[in-house]
Amino acid sequence: MANKINNGKHDIVGTVVYYRRFRSRYPILERDILVWLPPSYKKERGRYYPVLYMHDGQNILDPTTSYAGQDWRVDETVTKLIKSNQIEEPIVVGIYNTPERLQEYCVSEKGDHYLKFIVEELKHFIDSNFRTLADREATAIMGSSMGGLCSLRMVWRYPHVFGKAGCLSSSFYFGEDAIFDIIESTHEKKNVKIYFDSGEDGKKDAQRMFCLLTQKGLVLGENFDYYFDRGAGHNEWSWANRLERPLKYFFGK
């Protein structure tokens, strides 16, 4: 456990717990897990917290472990929103990716194993070891690019476990539009909250998803939120810059 880790480039704001080489009983690779604890966690020992699970966990806090040296600044943004009383305090769980990232995050057998790992194993571990609000309304999952696709798959398949999904610049096209086929074939209305967005890339797919979710009975502003970030690229810097939007949508006061 470390409080404000100094790595020479960046101080991680807050308390982070790391679990190295976390294993699953499913046939997927082991990976590191991090847990970022909100400011009041140590002081208010009778308090329980909502949880945000995030894919590509090595990219969310620390530029020395993130892709291209740019992290999402999750610690800084969440802390700022908490201090300004704009959101409830969440626990953030970062799930590191592996060399099999594409297969784990897409519509595939390995992707199914990855979702089951989170639902059946990781969430149980987190709920057993931290003071969490374990119900679906207090449990969110978020990712970008393939992680956005995976987050939508999660909330669509396990809405009784994850009630909220954040999908930034999602690769909805991956796997020959399989995610569109899955949603199109769904007949019941999903009781979930979905945030999704895009920069210049993926704009057509995001707009297509907007129309499809509307056809399936979801209502803009009630069940889902969509944002187009004009001129934004497909990178951690852009996702970090608009992270406040899904955080406020999921945990806003």
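Tutor: Let us start with the contacts of Phe180. In this predicted model, Phe180 touches Phe172, Asp205, Arg208, Met209 and Leu212, with residues up to four places away in sequence not counted. Phe180 has its place in helix H5.

Student: What makes Phe180 a buried residue?

Tutor: The relative accessible area of Phe180 is 2%, and buried means under 20%. Phe180 is therefore called buried. Phe172 has a relative accessible area of 2% and is likewise buried.

Student: Why is the pair of Phe172 and Phe180 called edge-to-face?

Tutor: Two values are needed. The ring centres lie 6.1 Å apart, and rings pair if their centres lie within 6.5 Å. The planes stand at 75°, and planes over 60 degrees apart count as edge-to-face. The pair of Phe172 and Phe180 is therefore edge-to-face. A search of the whole structure finds 18 aromatic pairs.

Student: Are Phe210 and Tyr226 buried or partly exposed?

Tutor: Tyr226 has 18% relative accessibility and counts as buried, because the value is under 20%.

Student: Which residues do ring pairs link into a cluster?

Tutor: The cluster linked by ring pairs consists of Tyr19, Phe22, Tyr105, Tyr114, Phe117 and Phe125.

Student: Why are H5 and H6 called roughly parallel?

Tutor: Two packed helices are described by the angle between their axes and the distance between the axes. The axes of helix H5 (residues 174–184) and helix H6 (residues 203–215) cross at roughly 10° and come within 10 Å. Angles under 35 degrees count as roughly parallel, so H5 and H6 are roughly parallel to each other.

Student: Which residues meet in the contact of H5 with H6?

Tutor: From H5 come Asp177, Ile179, Phe180, Ile183 and Glu184, and from H6 come Asp205, Arg208, Met209, Leu212, Leu213 and Gln215. The residues of this contact divide into six nonpolar, one polar and four charged.

Student: Which residues of H5 are buried, and what covers them?

Tutor: The buried residues of H5 are Ala178, Ile179, Phe180 and Ile183. What covers them includes helix H4 (146–157) and H6.

Student: Which residues touch the most other members of the largest nonpolar core?

Tutor: They are Val93, Ile194 and Phe196, in a core of 50 residues. Leaving aside neighbours within four places in sequence, the contacts of Ile194 include Leu152, Trp156, Leu213 and Tyr249. A second, separate core has 26 residues, among them Val16, Leu52, Val92 and Tyr195.

Student: What makes His113 count as buried?

Tutor: His113 is at 15% relative accessibility, and the limit for buried is under 20%, so His113 counts as buried. His113 lies in helix H3 (residues 109–129). Not counting residues up to four places away in sequence, His113 touches Tyr26, Pro27 and Ile28.

Student: How do you know that Tyr48 is partly exposed?

Tutor: Its relative accessible area is 46%, which is between the limits of 20% and 50%. Tyr48 is therefore partly exposed. The place of Tyr48 is the loop between strand S3 (31–37) and strand S4 (51–54). Leaving aside neighbours within four places in sequence, Tyr48 is in contact with Arg131, Thr132 and Leu133.

Student: Why does Arg21 count as exposed?

Tutor: Exposed means over 50%, and Arg21 is at 58% relative accessibility, so Arg21 counts as exposed. Arg21 is found in strand S2 (residues 15–22). Its phi is near 55°, a positive value in a residue other than glycine.

Technical notes:
Residues numbered from 1 in each chain as written. Predicted model: local features only at pLDDT ≥ 70, side-chain atom pairs only at ≥ 80, totals over all residues. Heavy atoms only, no water. Axes fitted to C-alpha atoms, helices over the stretch in contact; angles between N-to-C directions. Helix = DSSP H or I, 4+ residues; strand = E, 2+ residues; numbered from the N terminus. Parallel < 35°, antiparallel > 145°, perpendicular 65-115°, else oblique. Contact = heavy atoms within 4.5 Å. Nonpolar A, V, L, I, M, F, W, Y, C, P; charged D, E, K, R; others polar. Core = buried A, V, L, I, M, F, W, Y, C linked by side-chain atoms within 4.5 Å. Buried < 20%, exposed > 50% of the residue type's maximum accessible area, 1.4 Å probe, protein only. Phe/Tyr/Trp six-rings, centres within 6.5 Å; stacked < 30°, edge-to-face > 60°.
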